Amino acid sequence: MNNLTLIHHDTKLSDIVIAEPTALTVLNRFGIYLGLGDLTVARACDNLGIDKDFLATILNTYLHESYFPERILASFKAATIVDYLGQTNNYYAQFQLPNIERHFNLLISKSNPDNNNLELMLRFFHEMKQQLLARIADDRNHWFPAILQAEAKASVSPPTPLKGEYPVLNTHCTPPLQGGLGEQNKVQEPEDTIEDKLGDLISMMVIHLQGDHDSNLALAVLMALANLKKDITQNNRIRNRLLLPIYQVLSKA
Amino acid sequence: MERQVVILLHNAIEATGMQRLILDAFGITAHQANGIGELLQLPADAIDLVVTDAQHFLENLKVFLPRKARTLVVVDRPVQGDGDVNLIDIRQDTDQALAVLSQFLGEKEEENNQPNVLSGREIDVLRLVASGMINKQIADTLNISINTVLTHRKNITAKLGIKSVSGLTFYAMMNGIIDPK
């Protein structure tokens with residue numbers, strides 16, 4: 001979906017953000033902000049004291065759907081990814097979800113009260129929101145603490161794979177991790193994913209919306225939903241292709 | 001209006017199987033005719049499709065040739081032909097047989113022009129999905145196979161662009177297919 005080639009140590013961050021502005025949300029969560037100048041991936045990592053391969057891998061995983069990391073090095077700290085995803089979760093809970101809700105309510109207030117389409121869509125949005133907040137709570141209360149605990153334990157007695165790099169698990173076959181630990185063990189018909197529901201909400205607005213409405217506000221809701229869906233999809237790749245394999249190795253330590 | 005399908009086959013088991021396949025896949029209750037005489041009593045213009053066998057077809061060419069575009073001849077071996085007669089090979093798997101039947105019983109032209117319009121059967125399936133039933137329960141309720149339920153669900157998702165159960169439920173509420181809770 002973007003014109004970016006793979007990101008390397010010498011890639012300029014400004015080139016990345018100009019080609020794909022959503023990359024700035026990733027950089028922001030690492031404490032890198034606009035006014036990037038000639039900063040490259042390598043120099044940014046030196047400044048932050050993080051591994052060069054790590055940031056390049058995070059950015060490539062986030063930006064390229066078909067990218068699967070060839071190597072997950074032991075120098076990739078699970079705690080850093082947990083911190084990044086924790087900030088991502090906060091962004092959803094404190095900014096993106098309330099922002100969509102505010103626009104939705106404004107859109108309904110300015111639309112024909114006889115038309116229940118938008119109110120039903122808002123109810124559907126609330127259902128998706130509860131599912132996302134439940135996942136965030138599960139991350140905060142269960143999955144992330146379990147990862148940090150496993151990493152702390154491994155730092156005392158590292159498992160064999162941690163001597164160089166993690167074995168790359170068959171992440172192509174790893175089921176999407178929507179929730180935390182609890183959800184992995186469910187043996188039942190798969191629950192609709194958050195991404196599916198967001199995609200459906202977008203389809204409902206684009207294809208099926210009926211009646212008079214404020215087109216500017218409808219556009220604002222649509223763009224906010226599309227941004228959230230894109231961000232969740234891209235960060236799910238970081239969860240599933242980076243953090244999950246690391247956790248699976250650490251938990252065996 | 002439901003399309004009219006008449007089945008005229010010597011083999012009663014094949015006739016019943018064909019009737020079931022058409023009901024499952026298209027929601028159409030086909031009529032099993034007892035001989036060519038009963039077919040002739042029905043107004044030709046009202047019949048959308050006749051499914052018959054080679055023996056009936058060859059013995060009654062005067063009946064079938066004028067309506068060959070709406071006749072499907074069941075065969076169980078390779079047949080050399082010029083493509084002028086519509087054939088359905090009962091040795092094919094179900095998907096191939098359904099593909100042939102779809103040419104006659106698929107969505108009508110006016111529905112094809114509105115890609116997000118659901119057929120009556122798809123609305124039945126959507127209503128049951130929205131009521132919380134799983135595929136097995138829907139199959140049992142509508143007396144169709146699970147594969148047919150899955151086919152209907154795939155078509156519903158393709159037409160509406162909605163794939164989650166919740167999304168389909170809210171779509172059903174928005175369109176009066178079920179009452180908003």
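Two strands count as paired when DSSP finds at least two bridges between them, strands (E, at least two residues) and helices (H or I, at least four) being DSSP runs numbered from the N terminus. With that in hand, welcome to this predicted model, in which local features need pLDDT of at least 70, side-chain atom pairs count only at pLDDT 80 or more, and totals for chains, interfaces and linings use all residues. Residues are numbered from 1 along each chain as its sequence is written, while chains are lettered from A and ligands numbered from 1 in the order in which they are written.

**The sheet of chain B**
- β3(B) (residues 49-53) and β4(B) (residues 71-75) run parallel and are joined by four bridges; Asp53(B) has Val74(B) of β4(B) as its bridge partner.
- Five strands of chain B make an open sheet with parallel pairing, in the order β2-β1-β3-β4-β5.
- At the edges are β2(B) (31-32) and β5(B) (86-89), each pairing on one side only.

**A buried helix**
- Helix α10(B) (residues 165-174) is largely enclosed by the rest of the structure, because 10 of its 10 residues are buried; a residue is buried if 20 or more other C-beta atoms, placed from the backbone, lie within 10 Å of its own.
- Those buried residues include Phe170(B), Tyr171(B) and Met173(B).
- Gly176(B), with a positive phi near 70°, follows α10(B).

**Where the chains meet**
- In chain B, 14 residues are in contact with 16 residues of chain A, contact meaning C-beta atoms, placed from the backbone, within 7 Å.
- The chain B side divides into eight nonpolar, five polar and one charged residues; Ala, Val, Leu, Ile, Met, Phe, Trp, Tyr, Cys and Pro count as nonpolar, Asp, Glu, Lys and Arg as charged, and the others, Gly among them, as polar.

**The largest nonpolar core**
- A nonpolar core is a set of buried Ala, Val, Leu, Ile, Met, Phe, Trp, Tyr and Cys residues joined through C-beta atoms within 7 Å.
- Among the 42 residues of the largest one, Met121(A), Phe125(A), Leu201(A) and Tyr171(B) touch the most other members.
- α6(A) gives the most to this core, with eight residues.
- Leaving out residues up to four places away in sequence, Met121(A) touches Leu201(A), Met204(A), Met205(A) and Phe170(B).

**A crossing pair of helices**
- The axes of α8(B) and α9(B) come within 9 Å and cross at roughly 105°, axes being lines fitted to C-alpha atoms over the stretch in contact, with angles from 0 to 180 degrees between N-to-C directions.
- α8(B) is therefore roughly perpendicular to α9(B), a label for angles of 65 to 115 degrees.

Notes. Buried ≥ 20, exposed ≤ 12 C-beta atoms within 10 Å, placed from the backbone. Contact = placed C-beta atoms within 7 Å. Parallel < 35°, antiparallel > 145°, perpendicular 65-115°, else oblique.
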